[in-house]
Structure formats: structure tokens, C-alpha cells
Amino acid sequence: MPPIVLQWLSLVGIIWLQSINGTNSNFPAYSSQLKHLLSISQIQLNNLAFASDAGKLFGWLSGFAAKYLPIWLVLIIGSALGLIGYGVQYLYLIGRVSNLSYALIFFLTILAGNSICWINTVSYLVTIRNFPLDSQLAIGLTGSYLGLSAKIYTAIVDGAFPSSSVNRARAYLFLSSILPFAVSVIAAPVVRVINVGKTKRAKASFLLILVITIATGVFAVMGSLGSASSWLSPFNSAVGMVALLLTPLLIPLGQQIRQLIIARLEGLKRVEKIYVEENVSMEEMERGVKERESISETRDMSFELSFRESIIQSEELSESGDDNISETKETIMVIEEIGVKLMLRRLNFWLYFFVYLFGVTLGLVFSNNLGQIAESRGCPASVLVSLSSSFGFFGRLIPSFVDYFFSRKKYMVSRTAFVVALMAPTGGAFFLLTNTTNLSLYISTAIIGVCTGAITSISVSLTTELFGAKNFGVNHNVVVVNIPIGSFLFGYLAALIYRKEGNADGKCFGMECYRKTFIIWGILCFIGTFLALILYARTRKFYSLQR
């Protein structure tokens, strides 16, 4: 199989992996049932949500393993961690495993959360190496499917378990354990580094992938709307999602057909050349042997000289021409190239850290509490989870969409200005949640999903531009440490207010359950917006020089 076909097959495999890798986003869909079945308090339930995010604290293990182990083995190990973490909890819920302590369930949740880091490490590593000229675009496109995971799981559960809430909770845990492992086994043979030699930008193929991705997101959003239930059944929704996830296979299939056509045309040219050579005029064939030998020697010498000259010219062109232009275009411009020790001393880091904390992390905590929020407002949790997931998918896609079209105009988008533009509506959405209507709840959930997803996607490039590419792995992992920290602090605050407003049974219904929480979160998000504005002012000169 040609390398270019394997290259695109690897991208399709990564899309599949990202599509099922957001298992932690399933937690709100079964959190209420888990709380009931385990007989735990709201604070204990919040600690389990924190445990899923705490797995990111050990994400560096996957990067370390990728240096010494084959890629396929790293992928299998990561999916096996999720199989154990979620699988044992599933067996406990169905009664096959007994006497599991809360501490052990907490550890299993951390293990399951850490498995996401392993699959992400493989996805990013393979994407960057297989698409060196389009790595940012490829990472953005594949990463956007991570925001679609909750919708995919919800579509499958709705189709298989449409009624029983207990069976639905078990189904989420079962799928979270089995699906990533099964897809990893299927994708392992193709998700690997391909030696494609010299590459060039594949604008047409990426444009087709972009169209397919947008179509997938539109279908997911339509399936999340209540009005769509009249014409789109849960089973049809699940089948449609699977069909759209298989559609990217058209890219490697088209590349394979293209390679076959090229090979066929080259074969016809060779046959034609042989035919012409065999029909050389008899007059030339009847010339003297000496004359032919003389001509042959002359042609050999001239061919050898021209061949040597062409080699010299191509080497000179390679050293001072096209290759240099290519490298210049692909050079990543950074403010400074520093390690983690120096980074921790920079004001830009702490501004960025708290912007991420009051933006992305708050959005993730909101997503983790969607199950309880939906229960308190009397809304189906699956609708809110699907809505958040679908719009989060589009949010992750927006930066790639902007980069693709602005890069064609030789214009560099200011990441920090982009973050400011996304933080402001997020803060407004938290205050909109204090409105009693379900429409406000749906609109706010969609806004928070879009903005959180977009900032998450931007953060990869922003970390590189602020602190350099050489130590990106360590630097970015330090930045995202605020996710488990914020998950614990903000989630614990929400749980305390929920318990205070609840009844003797620990249940809370109505607007007061989360009204104060939403106001506090909104204020924090606007503080983050102000910090992002300061970061933009400090980096404005850098981005203006890149235009």
C-alpha cells in the first residue's frame, strides 16, 4: 500500500480514537444513578468527578512511555487502563464484584481518567509526525471529534436502552470500558508513524475532511434538539453517527484510486516508449557499426555531463531555494524558548494559568455537574450532555477553520485576542443560567460548550507561542494541572451550595440549587476575561510583527 494512503488511514484511525476518547464527559449522564446506587453524598460524587480529572496529573507517564515503547503498545496500554477503571465499576454495579470501597472506586476513576492521556499522546504524536506541514490543522480537526464523544455514547445508549435509567447508567460504564479498547485494537495497525518522505500541503484533502467534520457536527446538533425526535429516532441517530464516522475513509480510498490511475498511466507511457523504440527507421539501423558506436559514445558522454549538471543544479537549488522557503514557512514563531523553571517565573505564565482556570476549567466543571443541574431543573440529562458535547465539538473546530483560511492570506491570528473574545460570552452565559426558562439553560449550555472547546484547541498553539516548542510537553502539562485543581475547588463549592439548598435526603430541586454557584462562576469568568485582556496587551507587539 502506498505511504500516502497509509498516511491518511492513520488520520482516519486517529479520528476514531478521538471520537470515543472523551469518556470522562459521560460522567454527568450517569452521575445521578451512580450517586443513588452507591448511596454517596453530593460531595463524594463531586470527588469522583475530580478523580476523573486528576488522572491528568499523571499524563506525563504516557509521554515517557512513548519514547521507549512502540506506538501500538502505548495505545493498547492506555485503552487497557480505561478497560480496568470503568470495567470494574461496571461489574460492581451489576453485582459481579462486591465490597468495593469508596477509596477503591476513587482510584479506579483516576485510572480511567489517566487512560485518556495515553490515547491523546498517541494521537498527537502520530499526527504531528505524519503531517509535518499541516500538523496544526490536522490536530485541530482530529481533536474536534473529542468534543463529540458524549454525543456518540448518548446516541448508542439511547438506541439500546431508551427507558430504564438504571440500565442506562450501567450502559455508559460498559461502553466507556469496552469501546475505547475495541477501537484501539482496530486502529492500532494503521495509527503509526509513516515514512512519507518529502510532503506537500494537502489542501484539497483537508478541505474535504473539514466538510465531513462540519456535516458530522451539524448532524450531532440536530440530534440533540428536542424537535428532531419527531423525525430522527434514537436508533437512526446512532446509525447516522457511525456512518459519518466511516465517511473519512473516502480520503484514503480516493488516494488509493489516484495512485492506481497514476501507476496505470505510467505503465502505458512505458509501453508506448518501447513501441516507438522498436519501430526506429531501418535506414538508421543499416548504418555502419563504427558510426553507431561513435554516436552512442557521444550520446553517453553528453547524457553523463547533462546528468551531472542537473544533479549539481538540483543540489544547489535544494540548499538555497525551495527547501529553505519551506522551512521558513513552517518555522514556529515564539516569544521565548524556555523550560518549566523559567516559565514559572514569568508573569505571562500566571496570567495564562488563571485565564485557563477561569475559562476552560470552569467550563469543564460545569459539564461535570450537568447531570445534577438537569435533575434540579427537571430536564433530561442526556439532552444537556449531548448539547454541550455537540457545541463543544464545533468550538474545537473553530480555531482550525480560522487558521486554514487566514493562513492562505499570510495572516497570523492573535491567540490571546481570540481567547478574550471567547471568555466574555462564557461569563455572560453563566449569568444567563440564572434565568428560569429551559431555553436559557439550553442557550447557555451551547455557548459554554463552544467557547470552552475553542479555548481548549487554541491552548496548544498558545502554549507553544508563549513558551516555545522545545519543552512544550512539560510546559503544557504544567498549565493543565489547573484542571484537577479547579475541578476540586469549583466542584466542591458547587456541592456545598447544593447541599445547603437541598432537603434532608440530600436532593435539591429548583433554581436555588445552583443560582449562587452560577453567579460566582460568572464573576470568576469575567475576572479571567480581564486577565486575558492584560495578556493580550503584553503579547500584542509579538503578533503585530507576524502580520
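Buried means under 20% relative accessible area, exposed means over 50%, and partly exposed lies in between (1.4 Å probe, protein chains only). The model is predicted, so local features need pLDDT of at least 70 and side-chain atom pairs count only at pLDDT 80 or more, while totals for chains, interfaces and linings use all residues. Residues are numbered from 1 along each chain as its sequence is written, and side-chain values use heavy atoms, with hydrogens and water left out.

**Exercise 1. Find the disulfide and describe the link of Cys508 and Cys513.**

Step 1. Take the rule: a disulfide is a pair of cysteine sulfur atoms within 2.5 Å.
Step 2. Apply the rule. Cys508 and Cys513 are joined, with 1.9 Å from S to S.
Step 3. Count. The rule gives one disulfide.
Step 4. Check the hand. The angle about the S-S bond is -100 degrees, and the link is left-handed.
Step 5. Check the surroundings. Cys508 and Cys513 are both buried.

**Exercise 2. Work out how helix 5 and helix 6 pack.**

Step 1. Locate the helices. Helices (H or I, at least four residues) are DSSP runs, numbered from the N terminus. Helix 5 covers residues 71-93 and helix 6 covers residues 102-130.
Step 2. Read the geometry. The angle is about 155 degrees, and the axes are 8 Å apart. Axes are lines fitted to C-alpha atoms, for helices over the stretch in contact, and angles run from 0 to 180 degrees between N-to-C directions.
Step 3. Classify the angle. Under 35 degrees counts as roughly parallel, over 145 as roughly antiparallel, 65 to 115 as roughly perpendicular and the rest as oblique. Helix 5 and helix 6 are therefore roughly antiparallel.
Step 4. Sort the contact residues. The contact of helix 5 with helix 6 has 18 nonpolar, seven polar and no charged residues. Here Ala, Val, Leu, Ile, Met, Phe, Trp, Tyr, Cys and Pro count as nonpolar, Asp, Glu, Lys and Arg as charged, and the others, Gly among them, as polar.

**Exercise 3. Classify the packing of helix 17 with helix 21.**

Step 1. Locate the pair. Helix 17 is residues 347-368, and helix 21 is residues 438-467.
Step 2. Read the geometry. The angle is about 150 degrees, with axes 9 Å apart.
Step 3. Conclude. Helix 17 and helix 21 are therefore roughly antiparallel.

**Exercise 4. Is Phe107 buried, exposed or partly exposed?**

Step 1. Phe107 lies in helix 6.
Step 2. Read the area. It is 47%, so Phe107 is partly exposed.

Notes:
Helices (H or I, at least four residues) and strands (E, at least two) are DSSP runs, numbered from the N terminus.
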